[in-house]
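Colleague: I would like to learn how to read a model such as this one, feature by feature. Could we go through it together?

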Amino acid sequence: MIQIEAVSFSYPGAARDALHGLSLQIRPGSLFGLLGPNGSGKTTLISLLTGLLPLQRGQIRIHGQALPAQAGAIQNFSALVPQEYAFYPRLTVMENLRFFGSVLGLRAADLRERLDTALNAAGLASFVSVRAGHLSGGLKRRLNLAIGLLNRPRLLLLDEPTVGIDPQSRRFILDTIREINARGTTVIYTSHYMEEVESLCDEIGVLDDGCLLAQGSLEQLLNRDADHGLRLTLGTPPSAAQQAALRSVPALEIADRELHLPNCNAAVLQHLLALLAANGLHASRINYGYGNLEELFLHLTGRQLRD
């Protein structure tokens, strides 16, 4: 369990907190999607979880270990795969992996086993002698991931691991992440690709202005504001008599074939559909709640993800 309680963090000279009283829980074994516009606090939170930034206010416990007192123990079972390339371009794939394995203090027998495991997981076994700087964008991302797997992390933090790569490499990396998570590793995943988060993550958190706006499964998030609004398109414009019947529904807005109800729970929706049928009207299109994660994200933050 990752427990984040009332965490606030301020950078020197900043006008406001990067994180403001953030509380969040991530269950063990979760594949957790962390979303937020640029400047929302995602990078700050990841830096706190990995010990790259000091904890100023609040509490963080990761698998029973507390920061900052047990930062060393936490770093032993966690790994960060950053958005930037974190390897030496003049070294080969194998030389990079051996170097980072030695930094972890792995003994020769353990190092050989870890190298084989990381190479196979990242699909790099055929590229061990290639200089990292000569790899394609997709292979560079896979090398980043392979380095992150060397310490067999129980917690893996992935920051935009598929940015700027081809669809085949993206699919390979996403499948690899699923396999890693299926073996019990807790994964925290940030991405600007909403469809990745929708298909990959079992739970999602949305940050903005250093605060948690929402958390839950995709289904829970899309249904959390299901009574937020209904937009319905009729097959034909309603007659004056039909409009009079529809206006028995409080707050219903009618504009030609378009009906809009700002607040509509399930009971009201059923009543409206029955009213349409009774008056010889049918719906050609219904938009109830949020159809996808991007719609919900824009509603919560009012901003595109790359703003």
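Predicted model: local features only at pLDDT ≥ 70, side-chain atom pairs only at ≥ 80, totals over all residues.

Colleague: Where is the place of Pro68 in the chain?

Modeller: Residues are numbered from 1 along each chain as its sequence is written, and side-chain values use heavy atoms, with hydrogens and water left out. Helices (H or I, at least four residues) and strands (E, at least two) are DSSP runs, numbered from the N terminus. Pro68 sits in the loop between strand E5 (65–67) and helix H2 (71–76).

Colleague: What is the peptide bond from Leu67 to Pro68, cis or trans?

Modeller: As a general idea, most peptide bonds are trans, and most residues other than glycine have a negative phi. Here the bond from Leu67 to Pro68 is cis, with omega near 0°.

Colleague: Which phi does Glu160 have, positive or negative, although it is not a glycine?

Modeller: The phi of Glu160 is positive, about 55°, and the residue belongs to the loop between strand E7 (155–159) and helix H6 (167–182). Asp209 also has a positive phi, of about 50°, without being a glycine, and Asp209 is found in the loop between E9 and strand E10 (211–216).

Colleague: Is Glu160 buried or exposed?

Modeller: Buried means under 20% relative accessible area, exposed means over 50%, and partly exposed lies in between (1.4 Å probe, protein chains only). Glu160 is buried, with a relative accessible area of 3%, whereas Asp209 is partly exposed at 41%.

Colleague: How many residues of strand E3 (residues 31–35) are buried?

Modeller: Five of the five residues of E3 are buried, so the strand is largely enclosed by the rest of the structure. Leu31, Gly33 and Leu35 point one way from E3, while Phe32 and Leu34 point the other way.

Colleague: Which residue in E8 stands opposite Leu31?

Modeller: Two strands pair if DSSP finds at least two bridges between them. Four bridges join E3 to strand E8 (residues 186–190), and these two run parallel; within that pairing, Leu31 stands opposite Val187. E3 is also joined by four bridges to strand E9 (residues 203–208), again running parallel, and there Gly33 has Ile204 as its bridge partner.

Colleague: Which are the buried residues of H10?

Modeller: They are Leu269, Leu272, Leu275 and Leu276. These residues cover an arc of only 125° around the axis, which puts them on the same side of H10, the arc being that of the directions from the helix axis to the C-beta atoms. On the face turned away from the buried side, H10 carries the exposed residues Ala267, Gln270, Ala277 and Ala278.

Colleague: What covers the buried residues of H10?

Modeller: Contact means heavy atoms within 4.5 Å. The cover includes strand E11 (230–234), helix H9 (240–246), strand E13 (258–261) and strand E14 (283–288). After H10 comes Gly280, whose phi is positive, near 70°.

Colleague: Which are the buried residues of helix H3 (residues 93–103)?

Modeller: Val93, Asn96, Leu97, Phe100 and Gly101 are the buried residues of H3. Seen down the axis of H3, they fall within an arc of 130°, so they line one face of the helix. Their cover includes helix H4 (108–122) and helix H5 (137–148).
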